[in-house]
Amino acid sequence: MQPLLMLPEILVFSAALTVLIGGSFVPRRRLWWTRIIAATALTGAAIISVVQLGGPDSTAFDGTFTVDTPTGVARVIVTIGTLLVVIVAGEEIGGSARESETYALLLSSATGVLILAGADDLLVLITGYLLASVPLYALIGMVRSPQGAEATMKAYLLGALCGILLLLGASILYGITGTTRYDELAVQLSGSPAALIAAGLVGVLAGLMFKAGGVPAHFWVPDAAQASNASIAMFLTTIPKIGALIAIYRLVTVLPDNVAWPLLIAIFAVASMTLGNLAAFWQNDPRRLLGWSTVSQVGYLLVPVTVIGRSDLALPSLLYYLAAYTVTNIAAFAVTSALPAWRELKDYRATARTHPWLAGALSVALLGLLGTPPTAVFVGKLTTASAAWDGGAAWLAIAVFINTLISLFYYLRWIAPTFTTVHTVDVNNRGPSVRHWSTGVAVIAATASLVLGIGAGVFWD
């Protein structure tokens, strides 16, 4: 069974249980201890993940969970990303009655994402989906407001529907092959009817696209990003994508050539990037804008998946882009957490004068999401487009380029007020002071985006 191969997952989930149970016996004024436990567990899991990343590929639990480079990279990104979310959440909800429950839900959902990334069996995939999804519904509903209730209901109903489709798709694939393990599916599916394979694939993809937040299961993302706390919005627009996209990669590697799965995923990719960019055009709420932005980013991330097996750049570009997007998106949301009262783009006028560090982090994050050198997402977009071109899907590379140009408008709509001249705004009346931990996370994540971009050659290797 080799359970130690899943030590990062075991550590994170054990911390979730410890925080949940321990928080019930700790006074509210001392709930910060649960934050320390969560942060320590995530740090330990990240270190273990880095160590295991250098080891050979292997499998655990009778070949149903794979520990390889995609799993290792996902573990590092998820644990570090969730650690940054916990830091922001600690400042945002510290001392509240639901502090420990929030950390427990974050850790539980992160565990589900880690399981999704390494799942090599449909049953394990389903388990990861449920563990990643159910805590997410509770996290979105932590803010007791009409908007929060609406966002929670949308996420729950769409998640339940996509979960049913995932189960249906897995049942179809099991029914025609008699197995749920990917290595056996690869053998059995080669002689199966293409129509049934396509039906099973569509069902499983529906569930995974909900976790990724892409078309056609994207409707919940902007509402949840707008209605949730900044730390929760940061988590739900970033971390679940990692497990979902790697799970899609693993699934398509076992599909036979008689199913046109590259075309299906390419359609999802173009629809996600185009719809996300167009819908973000006239958004005035920064978090809702980032919610639509994250829908478009799913489209870019799906591009290398379409050429898996046809380009050697496909998998490295996917993993690199996931790391780049994680730190860049976290930086953008951390800025909104540092300035919680600013809920419209116009509120950011003259931020470069009043809060230069935040303005710098925001500029790096937004230009990074756009894909401007030398940020990491620029390298991610360049390599994904190169993978598409190399894999014979030049039209997808052109779609990435066109949509990047389209997204320039709405990112600049946010950046421009930041550098408004001080003569047009009262810089002495800028509301409450900023949150310092969130500011620190924003600066660190933005710096990481630059480091990943400038040192792209080293990290690519």
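Which side chain does D223 meet in a salt bridge? That would be K154, at 2.4 Å from N to O. This is a predicted model, so a few ground rules apply: local features need pLDDT of at least 70, side-chain atom pairs count only at pLDDT 80 or more, and totals for chains, interfaces and linings use all residues. Residues are numbered from 1 along each chain as its sequence is written, and side-chain values use heavy atoms, with hydrogens and water left out.

**Salt bridges**

- The structure holds 12 salt bridges, each being a side-chain nitrogen of Lys or Arg within 4 Å of a carboxyl oxygen of Asp or Glu.
- The D223–K154 bridge ties together distant parts of the chain, with D223 in helix α9 (220-227) and K154 in helix α6 (146-177), 69 residues apart. Helices here are DSSP runs of H or I with at least four residues, strands are runs of E with at least two, and both are numbered from the N terminus.
- Salt bridges with shared partners put E150, K154, D223 and R288 into one network.
- D223 counts as buried because its relative accessible area is 13%, while K154 is partly exposed at 33%. The cut-offs are under 20% for buried, over 50% for exposed and in between for partly exposed, using a 1.4 Å probe and protein chains only.
- R250 and D68 pair up at 2.8 Å, N to O. R250 sits in helix α11 (239-252) and D68 in the loop between β2 (65-67) and α3, 182 residues apart.
- Both R250 and D68 are buried.
- E101 bridges to R98, with the closest N and O atoms 4.0 Å apart. E101 is partly exposed at 25% relative accessibility, and R98 is partly exposed at 39%.

**The cavity**

- The count is one cavity of 30 Å³ or more. On a 1 Å grid over the protein atoms alone, a cavity is a set of points where a 1.4 Å probe fits but cannot get out.
- The largest cavity holds about 40 Å³ of space; points are joined across faces, edges and corners, and the volume is the space filled by probe spheres set on them.
- Its lining is Q52, L53, G55, P56, D57, V67, D68, T69 and G72, where a lining residue has an atom within 4 Å of a point.
- Helices α2 (32-53) and α3 (69-93) each supply at least two residues of that lining.
- By class, the lining has three nonpolar, four polar and two charged residues. Ala, Val, Leu, Ile, Met, Phe, Trp, Tyr, Cys and Pro count as nonpolar, Asp, Glu, Lys and Arg as charged, and the others, Gly among them, as polar.
- D68 turns up in this lining and also in the salt bridge with R250.

Conventions: On a 1 Å grid over the protein atoms alone, a cavity is a set of points where a 1.4 Å probe fits but cannot get out, and a pocket is an open set with protein on both sides within 12 Å along at least five of seven lines; lining residues have an atom within 4 Å of a point.
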